[in-house]
Amino acid sequence: MSQLTTHILDTTRGRPAEGVTIILSEQYLNGWQELARGSTNADGRLPDLLPPGHTLLAGVYQLRFLVQEYFDKLDTPSFYPFVEIVFSVTSAEHYHVPLLLNPFGYSTYRGS
């Protein structure tokens, strides 16, 4: 399993959010450097965002969820074109960053 995993639950529909593009970036002094990108599967998960065996070094990272296209496909008006979650990696342990999403709000937490 990848050191970093994520999933999205559309809380309005009570279903996983399939086909959402997610971009992982690392913070540098002058901005962000993209490291990887992928899309959620039918279960709303992106279990293999990092290449096999890749470990994130200690630092600050960002997951950018491009949710506008997802809501457009559902013909659902929404407020947020994307959601950015910034988090710190402090060790080589597993990090799970879920997104609970609806057209006019979202929440996140550190999962297991």
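Modeller: Two strands are said to pair if DSSP finds at least two bridges between them. The model discussed here is predicted.

Colleague: How do you know that strand S6 and S7 pair?

Modeller: Seven bridges join S6 (residues 59–66) to S7, and the strands run antiparallel. At least two bridges are required, so S6 and S7 count as paired. One of the positions concerned is leucine 63, whose bridge partner in S7 is isoleucine 85.

Colleague: Why is aspartate 75 called exposed?

Modeller: Its relative accessible area is 72%. Exposed means over 50%, so aspartate 75 qualifies. Aspartate 75 lies in the loop between helix H1 (68–73) and S7, and has a positive phi of about 55 degrees although it is not a glycine. Most residues other than glycine have a negative phi.

Colleague: What makes arginine 45 partly exposed?

Modeller: The relative accessible area of arginine 45 is 35%. Buried means under 20% and exposed over 50%, so arginine 45 falls in between. The unreviewed UniProt entry lists arginine 45 under "binding site", together with His7 and Tyr109.

Colleague: Why is tyrosine 109 also described as partly exposed?

Modeller: Tyrosine 109 has a relative accessible area of 41%, which therefore lies between the 20% and 50% limits. Leaving out residues up to four places away in sequence, tyrosine 109 touches His7, His96, Val97, Pro98 and Leu100.

How values were computed. Residues are numbered from 1 along each chain as its sequence is written. This is a predicted model: local features need pLDDT of at least 70, side-chain atom pairs count only at pLDDT 80 or more; totals for chains, interfaces and linings use all residues. Side-chain values use heavy atoms; hydrogens and water are left out. Helices (H or I, at least four residues) and strands (E, at least two) are DSSP runs, numbered from the N terminus. Buried means under 20% relative accessible area, exposed over 50%, partly exposed in between (1.4 Å probe, protein chains only). UniProt positions are given in the numbering used here, feature names are shortened, and annotations may be inferred rather than shown by experiment. Contact means heavy atoms within 4.5 Å.
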